[in-house]
Amino acid sequence: MSDINLAELGELLLECVGAPEEGMAFEGEDALDTPFLEFGYDSLALLQVTSVINRKHGIVLSDDAVAEAETPRMLLQMISTAPRAGAVR
């Protein structure tokens, strides 16, 4: 199973909670270190996305860990090292 990349994370956020703030692009190297709050995504939005990631990819993240992920880079690093459960489609 491959890890989730920035583009896929952006697509999931778009599907689950909507587009980022106007003028913000969820792509490129700069986006990795931009705080989620600047994109307009709060901790509830991240919990919604990580629930979908768990269901689709079997990647298990605790709510506490998700709350600590302030940037896409931090969340993607957590995803890459998180335990895997059986994915359900």
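The protein carries 5 positive and 16 negative side chains. Lys and Arg count as positive, Asp and Glu as negative; His and the chain ends are not counted. The centres of the two sets lie 13 Å apart. Each charge is placed at NZ of Lys, CZ of Arg, CG of Asp or CD of Glu.

This is a predicted model: local features need pLDDT of at least 70, side-chain atom pairs count only at pLDDT 80 or more, and totals for chains, interfaces and linings use all residues. Residues are numbered from 1 along each chain as its sequence is written, and side-chain values use heavy atoms, with hydrogens and water left out.

**Overall build**

The protein has six helices and zero strands. Helices (H or I, at least four residues) and strands (E, at least two) are DSSP runs, numbered from the N terminus. Along the sequence the pattern reads α-α-α-α-α-α. The C-alpha atoms fill a box of roughly 35 × 25 × 20 Å, taken along the principal axes. The radius of gyration is 12 Å, which agrees with the value near 12 Å for a compact globule of 89 residues. That radius is taken over C-alpha atoms, and the globule rule is 2.2 Å times the number of residues to the power 0.38.

The protein exposes about 5300 Å², and carbon and sulfur atoms supply 49% of it. Areas come from the Shrake-Rupley method with a 1.4 Å probe; for residues, only the protein chains shown count as cover. Buried residues make up 36% of the 89 residues. Buried means under 20% relative accessible area, exposed over 50%, and partly exposed in between (1.4 Å probe, protein chains only).

**Helix α6**

Helix α6 spans residues 72-81, and its buried residues are Pro 72, Leu 75, Leu 76, Met 78 and Ile 79. They sit on the same side of α6, because they cover an arc of only 160 degrees around the axis. The arc is that of the directions from the helix axis to the C-beta atoms. These buried residues pack against α1 (6-17), α2 (29-32), α3 (36-39), α4 and α5 (63-68).

Leu 47 lies in helix α4 (residues 43-57). Contact means heavy atoms within 4.5 Å; the contacts in the table leave out residues up to four places away in sequence.

| Residue | Relative accessibility | Class | Contacts |
|---|---|---|---|
| Leu 47 | 30% | partly exposed | Asp 63, Val 66 |
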